[in-house]
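Work through the exercises below with the sequence and the model side by side. Try each task before you read its solution.

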Amino acid sequence: MTIENADTEQPSSEELSNLNHNELRLAANARFAANALDEALPLYSLAVEVVRHRIATDNNEDTTAENNENDDANDSDDSVDYPAELIIQLCNRSACLYKMEMYTEAKDDAAEAVELTDGQNPKA
């Protein structure tokens, strides 16, 4: 799966693990800035799915690590705050949906972002 065919293919769990949410966001932002909203939306959606997958995977690994004395095998990137990344991705997709006049979907993403921040992030 590549950024170019993000709107035509449903990624597998393994492909989600290999995609970079930041690269997807940057590609989507470029298309959004060029007003190519139909191209930006699937990239934002894929970025949301990648981050959600990473959160689920990290939660799974945390549970496994608690039951496993040897945590050195866990190679997840602890420097990335995936819940915060999810908020960013949801806000970006919400802005794209809003600009496409898909107001209900935009509101849903914005509401989820606000809920995730407990109302503490003014951008959400």
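**Exercise 1: Leu37**

Leu37 is buried, because its relative accessible area is 11%; buried means under 20% relative accessible area, exposed over 50%, and partly exposed in between (1.4 Å probe, protein chains only). Before going on, note that this is a predicted model, where local features need pLDDT of at least 70, side-chain atom pairs count only at pLDDT 80 or more, and totals for chains, interfaces and linings use all residues. Residues are numbered from 1 along each chain as its sequence is written, and side-chain values use heavy atoms, with hydrogens and water left out.

Task: Find the helix that holds Leu37, and list the residues that Leu37 touches, not counting residues up to four places away in sequence.

Solution: 
- Step 1. Leu37 lies in helix α3. Helices (H or I, at least four residues) and strands (E, at least two) are DSSP runs, numbered from the N terminus.
- Step 2. Set aside residues up to four places away in sequence; Leu37 then touches Arg31, Phe32, Cys96, Lys99 and Met100. Contact means heavy atoms within 4.5 Å.

**Exercise 2: Two helices**

Task: Describe how α2 and α4 pack, and name the residues that meet.

Solution: 
- Step 1. Locate helix α2 at residues 21–33 and helix α4 at residues 82–99.
- Step 2. The two pack at an angle of about 20°, with their axes 12 Å apart. Axes are lines fitted to C-alpha atoms, for helices over the stretch in contact, and angles run from 0 to 180 degrees between N-to-C directions.
- Step 3. That angle makes α2 roughly parallel to α4. The cut-offs: under 35 degrees is roughly parallel, over 145 roughly antiparallel, 65 to 115 roughly perpendicular, and the rest oblique.

**Exercise 3: Asn92**

Task: Is Asn92 buried or exposed?

Solution: 
- Step 1. Find Asn92 in helix α4.
- Step 2. The relative accessible area of Asn92 is 19%, so Asn92 is buried.
- Step 3. Leave aside neighbours within four places in sequence. Asn92 is then in contact with Arg25, Asn29 and Tyr44.

**Exercise 4: Aromatic pairs**

Task: How many aromatic pairs does a search of the whole structure find?

Solution: 
- Step 1. The search finds two. Rings of Phe, Tyr and Trp (its six-membered ring) pair if their centres lie within 6.5 Å; planes under 30 degrees apart count as stacked, over 60 as edge-to-face and the rest as tilted.
- Step 2. Phe32 and Tyr44 are 6.4 Å apart centre to centre, with 70° between the planes, and form an edge-to-face pair.
- Step 3. This pair links distant parts of the chain: Phe32 is in helix α2 and Tyr44 in helix α3 (residues 37–67), twelve residues apart.
- Step 4. Phe32 is partly exposed at 24% relative accessibility. Tyr44 is buried at 2%.
- Step 5. The ring centres of Tyr98 and Tyr103 lie 5.1 Å apart with planes at 65°, so this pair is edge-to-face.
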